[in-house]
Amino acid sequence: EPIAMAGFLLGVVFALGFASPSTPRHLAPARPSHLARGARIACADALDEARRIGAHVGLDELSNERLLSIVQLETTDVETNELVWRCLGYRRDVEGGAWDSSGAFAKFREKFPQPPDLIGITRTYSKEVDEPVLRANQALHRSIPMAYKQGLKTQLRPLGFTGFKLANLTPNMTRRAQVTNWILYYREGLYGKTFGDVRREKEEMRRLEDEEAAKGTQVAPTGQTGQYVV
């Protein structure tokens, strides 16, 4: 009986993931903690695939009229930054006021753990001050697929927007136009879809890009799938 009980306990221990002393480490089964960690990761991935983009942004905030007010300098730089941040998935902690990046688009979150200034709220354009703003704005603008690059013309021209006069153009105006174009892409191409939907669309676009590249077709330097925020 003692031998039988020992065998039973050894079997239980082995089943739970604890190898016998003679079992090589590389052959030992996964410990319960490792299995639980894998299950948590799989669960998190499934939840992320099903998560809908735009859950914390109202469509009224993305109306053409609202976006026109951005390019016409009728919103503050802070308001404009914060709208884009929320579209990107950053969320403000109601109590502390800090911004949480855990729900932000992965590629943007990797580059910017905290939401970056996309406009240049200081209006200081020396390299040491403005370089991070410029880089963040460029990263956002490059992520717009080519099909959405003309959003300002197609969406805001009917409201009377005819663009800017070159003589009066400022960095602030340019960046407002660029973030507005990205918001239009977000509204038309991302809003309301799940992350799984968008990733599958991206994979299909990448397949088409690879086919074009294989034919020797010149690929545009911006708007490629490798630059998407998702």
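Predicted model: local features only at pLDDT ≥ 70, side-chain atom pairs only at ≥ 80, totals over all residues.
1. R123 is partly exposed, with a relative accessible area of 46% (buried is under 20%, exposed over 50%, partly exposed in between, using a 1.4 Å probe and protein chains only). Its side chain meets that of D77 in a salt bridge, 2.9 Å from N to O (the rule: a side-chain nitrogen of Lys or Arg within 4 Å of a carboxyl oxygen of Asp or Glu). D77 itself is buried, at 8%.

2. Residues are numbered from 1 along each chain as its sequence is written, and side-chain values use heavy atoms, with hydrogens and water left out.

3. D77 has another partner, R176, with the closest N and O atoms 2.8 Å apart. That pair links helix α4 to helix α8 across 99 residues (helices are DSSP runs of H or I, at least four residues, numbered from the N terminus). R176 counts as buried, at 2% relative accessibility.

4. Have a look at E49 and R199 too: they form a salt bridge, closest N and O atoms 2.8 Å apart. E49 sits in helix α2 (residues 32-50) and R199 in helix α9, so the pair ties together parts 150 residues apart in sequence. E49 is partly exposed at 30%, and R199 is partly exposed at 27%.

5. For the whole model, the salt-bridge count comes to 14.

How values were computed: Helix = DSSP H or I, 4+ residues; strand = E, 2+ residues; numbered from the N terminus.
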